Amino acid sequence: MARIIGGLGTSHVPSIGAALDKGLRDTPDWKPFFDGYEVGKQWMRDAKPDIAVVVFNDHGNTFFLDRVPTFAVGVAETYNPVDEGWGPRAIPAFEGAVDFSWHFVDKLVERHFDPMVCREIEVDHGLQVPMELFFGRPEAWPVKVLPIWVNTIQYPIPTPQRCWEMGKVLREAIESWPGDERVVILGTGGLSHQLQGARAGFINQAADRAWLDGIASNPEPYRTMSREDYVEQFGSEGAELIMWLVMRAAMNNDVNLVHKHYHAPASMTGAGMVVLENAA
Amino acid sequence: MSEAAATIPDTPLFDRAGSIRGYRINKMAMALGQPANRAAFKADEEAYLDSFGLSAHEKSAVMGRDWHEMVRLGGNLFFILKISAVDPTPITRIGAAQASMEHEDFLHLRLGKKRNG
């Protein structure tokens, strides 16, 4: 069977990619942010995964409002970076883990999920930025990807509980896959931020820091929290954090918090990451 | 969900009503992901907006870069950011406009950045 070798949580703020594109990595605004990810990159180099499952939301780049899938799963051979309005980015395309992705789709439907299945689709910064944060800027990505899109834009967004349940199916899919691939799961989005309305610019550092510890040691309150509470605590766009629950639910109950990092603000967002390993 | 969430102060959620209200603005903005449409927008903004059927009020909000009003009209930030990419306008200025704050004050008071100088 394939094996889960780590669960990672990370922000996916588009300005992170833009900062790398513009060579701003070592400027005073960005250096502390990127420096904190170096341990995550080193962890990834050592872990040598074959497949990265990336749980993220599209930001009005791939899906328009004419059709809004609550959950979508990619089964494509290649995922090109989408033009988000600033022109194409000079990063490599992502190779899909096609057979494993179909296996996950089979498992999902068997377990009563109804995903949209995507054969030809581009990916936005929600997937790009986490890959850049943990793999840098290689000539070609060293892993194949399984993208999972979660609607966090148009309400109703899925419940935290539903994201948790998807993580359980993801684990089952990995453990029932006959290959011997090493799999990392990236739950992305957040942390606190609000881009819309008079509360724009809301950042809740205390809640963010509690999240980074709690998602490892005691995720239960986050599983049972309402969507309204996510919005109140983390801001309207901070509710993206529900996507980390897919990753967390796929891990053991007991995990080791191997690395964590927090920095605020990255653009308008409380930003950070965790690296989790299943406890022995 | 939408009614309960609407009780969080100053926090509009992009729900059914917003999605319906803002459909034209968002569709126009989404199209700016394509270079040919960006060129058309730059060449004759009003004609571009007309081709998406925007009302006079919607057009004036877009052409005046009134971010607060665009959101009130159902514009979702992730779509209308593509307008800011054409300009370009930094996202923090869009945030400040919605918060009705000066940009420097917004950076300092909301985002916690140190003041320049």
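**View 1. Confidence in the complex and in chain B.** The predictor assigns the complex a pTM of 0.97 and an ipTM of 0.94. For chain B the average pLDDT is 93, and 93% of the residues score at least 70. Where pLDDT is low, the predicted coordinates should not be read in detail.

**View 2. Contact between chain A and chain B.** Chain A contributes 32 residues to the contact and chain B contributes 39. On the side of chain B that touches chain A, at least two residues each come from helix 1 (2–5), helix 3 (23–30), helix 8 (77–86), helix 9 (91–99) and helix 10 (103–110) of chain B. Helix 8 of chain B supplies the largest share of this side, seven residues. Sorted by class, the side of chain B that touches chain A holds six charged, 11 polar and 22 nonpolar residues.

**View 3. Packing of helix 2 against helix 4 in chain A.** Two packed helices are described by the angle between their axes and the distance between the axes. For helix 2 (residues 31–47) and helix 4 (residues 125–135) of chain A, the angle is about 80° and the axes are 7 Å apart. Angles of 65 to 115 degrees count as roughly perpendicular, and helix 2 and helix 4 of chain A are therefore roughly perpendicular to each other. From helix 2 of chain A, A:Tyr37, A:Gly40, A:Lys41 and A:Met44 meet A:Leu133, A:Phe134 and A:Phe135 of helix 4 of chain A. The residues of this contact comprise five nonpolar, one polar and one charged.

**View 4. The largest nonpolar core.** This core has 117 residues, of which A:Val53, A:Val55, A:Leu170, A:Met243 and A:Val246 touch the most other members. Helix 5 (residues 160–175) of chain A gives the most to the core, with seven residues. Not counting residues up to four places away in sequence, A:Val246 touches A:Val55, A:Ile148, A:Cys163, A:Met166, A:Gly167, A:Leu170 and A:Gly187. In soluble globular proteins, nonpolar side chains tend to be buried together.

**View 5. Surroundings of A:Ala93.** A:Ala93 lies in the loop between strand 4 (78–79) and strand 5 (94–95) of chain A. A:Ala93 has 14 other C-beta atoms within 10 Å and is therefore partly exposed. Apart from its neighbours within four places in sequence, A:Ala93 is in contact with A:Thr78, A:Tyr79 and A:Asn80. The C-alpha atoms of A:Ala93 and A:Ala140 are 7.8 Å apart in space, while the two residues are 47 residues apart in sequence.

Terms used
Residues numbered from 1 in each chain as written. Chains lettered and ligands numbered in written order. Axes fitted to C-alpha atoms, helices over the stretch in contact; angles between N-to-C directions. Helix = DSSP H or I, 4+ residues; strand = E, 2+ residues; numbered from the N terminus. Parallel < 35°, antiparallel > 145°, perpendicular 65-115°, else oblique. Contact = placed C-beta atoms within 7 Å. Nonpolar A, V, L, I, M, F, W, Y, C, P; charged D, E, K, R; others polar. Core = buried A, V, L, I, M, F, W, Y, C linked by C-beta atoms within 7 Å. Buried ≥ 20, exposed ≤ 12 C-beta atoms within 10 Å, placed from the backbone. pLDDT = per-residue confidence, 0-100.
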